[in-house]
Amino acid sequence: MKSFKDVFENYQWDEVKDKLEKVSLSDVRYSLQKKNKTLDDFLNFLSPAASQELELMAGMTQRLTQKRFGKIIQLYAPLYLSNECQNICTYCGFSLDNNLKRKTLSDIELMIEASVLKSMGVNHVLLVSGEAGKIVGVPYFQNAVRRLKPYFSNISIEVQPLLEDEYRLLHEEGVHSVLVYQETYHQEVYRQYHPKGKKSNFHFRLETPDRIGRAEIHKIGLGVLLGLEDWRVDSFFNALHIDYLQKQYWKSKFSVSFPRLRPAEGIIEPNFIMEDKDLLQLICAYRIWNEDLEISISTRENEVFRNNIVTLGATTMSAGSKTNPGGYSVDKDSLEQFETSDERSMEEIKNMIRKAGYDPVMKDWDSVYSGF
């Protein structure tokens with residue numbers, strides 16, 4: 001059965017890096033003028049040379065985003081189910097080798113956390129957990145979705161990679177979107193970041209979006225952890241992945257997220273520093289290349305950046321986020337996955353969006369329309 005692995009193996013990391021370094025300013029300008037953009041154009045937009053046209057790219061990004069999505073920002077909040085994890089990941093607070101208190105929400109605790117989110121006006125909720133299949137496996141997720149479905153119009157998940165049949169089960173329960181990040185597409189160093197656990201299987205993770213697509217999940221979210229390796233090369237491979245998936249699983253929608261390494265218990269320092277201007281260039285590159293792609297900005301980013309990105313390409317933002325299980329009410333001191341940077345409340349974020357001339361949207365989709 002065909003998968004992205006077949007496409008991925010036709011590309012070499014060092015060759016992509018070399019191409020990026022050789023892009024000229026005239027190459028960038030030619031790509032910007034083209035009507036139908038290709039992956040080669042996306043590579044040009046990522047290049048160091050393209051930073052010279054960032055102001056032009058930002059203007060194009062703003063116009064293209066408004067044309068396709070209007071002046072709205074969809075808001076959501078994460079609900080962390082568990083920080084149990086059987087992987088050692090050198091950049092994550094949930095890593096198995098962090099000898100700290102672990103927490104998995106009970107049914108009662110789950111609903112208490114959900115009630116806090118509802119009081120914040122949240123209608124789109126993202127369920128997140130560490131990767132510990134025996135503790136928080138598919139039956140746990142099914143139960144959580146069943147309990148939460150009456151209270152939220154949209155339920156997404158960001159959990160361990162699952163099998164196709166397992167994604168189908170969760171789809172039937174009412175899961176709308178699945179987010180899965182490759183972290184880095186640099187295969188040779190991937191194992192250094194993931195020395196123990198199922199996550200150390202590079203190719204199983206690489207083919208996860210294929211299994212999600214075959215399960216006909218409504219939306220698939222991808223991204224790389226910015227700071228592990230060269231963000232330009234990693235982002236090219238992420239776009240290559242999205243390009244393949246859009247052609248193969250055309251019934252699904254797609255989103256891209258931009259998690260930058262943030263402080264957390266026991267993690268490494270970023271291997272590559274990504275400045276705000278670099279992240280802006282990356283967001284512009286995605287939008288100019290792909291007008292239909294949803295662009296999500298989390299509370300990892302600081303207030304100033306998030307204030308400005310509202311009008312420059314973002315379509316979805318988290319707000320009021322807690323990255324630890326029970327963080328909203330039940331157990332505020334439990335181990336968090338990472339520190340948030342923008343700690344403003346949901347209401348403060350909504351007011352900020354309105355001041356920018358945009359509309360914050362809490363609900364723009366309901367499961368009733370998909371036959372659930």
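**Figure 1. E216 counts as partly exposed, at 47% relative accessibility.** Partly exposed lies between buried, under 20% relative accessible area, and exposed, over 50% (1.4 Å probe, protein chains only). E216 is found in the loop between α11 (208–214) and β5 (219–223). Its phi is positive, about 60°, although E216 is not a glycine. This is a predicted model, in which local features need pLDDT of at least 70, side-chain atom pairs count only at pLDDT 80 or more, and totals for chains, interfaces and linings use all residues. Residues are numbered from 1 along each chain as its sequence is written, and side-chain values use heavy atoms, with hydrogens and water left out.

**Figure 2. E183 also has a positive phi, near 75°.** E183 is a residue other than glycine. Look for E183 in the loop between β4 (175–179) and α9 (187–193). Is E183 buried or exposed? E183 is buried, with a relative accessible area of 8%.

Figure 3. Helices (H or I, at least four residues) and strands (E, at least two) are DSSP runs, numbered from the N terminus. The C-alpha trace spans about 60 × 45 × 40 Å along its principal axes. Buried residues make up 61% of the 372 residues. Take the contacts between residues at least 6 apart in sequence: 76% of them join residues at least 24 apart. A contact means heavy atoms within 4.5 Å.

**Figure 4. Strand β1 (residues 72–82) is largely enclosed by the rest of the structure, because ten of its eleven residues are buried.** Which strands pair with β1? Two strands pair if DSSP finds at least two bridges between them. Three bridges join β1 to strand β9 (residues 359–361), and the two run parallel. Here I72 has D359 of β9 as its bridge partner. Strand β8 (residues 316–318) is also parallel to β1, with three bridges. A77 stands opposite V125 of β2. From β1 the chain passes through helix α6 (residues 107–119) to reach β2, in a right-handed β-α-β crossover. Right-handed means that, with the strands pointing away from the viewer, the path from the first strand over the helix to the second runs clockwise.

**Figure 5. Strand β4 is mostly covered: five of its five residues are buried.** Strand β3 (residues 154–158) pairs with β4 in the parallel sense, over three bridges. S156 has S177 of β4 as its bridge partner. The path from β3 to β4 goes through helix α8 (residues 164–173), and this β-α-β crossover is right-handed. β4 is also joined to β5 by three bridges, and these two run parallel. V178 is partnered by I220 in β5.

**Figure 6. The largest nonpolar core has 103 residues.** L79, L127, F258 and Y286 have the most contacts inside this core. L79 touches residues including L105, L110, V125, L148 and Y328, leaving aside residues up to four places away in sequence. Another core, of 16 residues, lies apart from the largest one; Y76, F94, L228 and L261 are among its residues. A nonpolar core is a set of buried Ala, Val, Leu, Ile, Met, Phe, Trp, Tyr and Cys residues joined through side-chain atoms within 4.5 Å. In soluble globular proteins, nonpolar side chains tend to be buried together.

**Figure 7. Helix α4 (residues 39–46) is mostly covered.** Seven of its eight residues are buried. These are L39, D41, F42, L43, N44, F45 and L46. What do the buried residues of α4 pack against? They pack against α2 (13–22), α3 (25–33), α5 (54–69), α12 (231–248) and α13 (276–289).

**Figure 8. The structure holds zero disulfides.** C85 is in no disulfide, and its nearest cysteine sulfur, that of C89, is 5.8 Å away. C89 is likewise in no disulfide, with the sulfur of C85 as its nearest, at 5.8 Å. A disulfide is a pair of cysteine sulfur atoms within 2.5 Å. C85 is buried, with a relative accessible area of 8%. C89 counts as buried too, at 6%.
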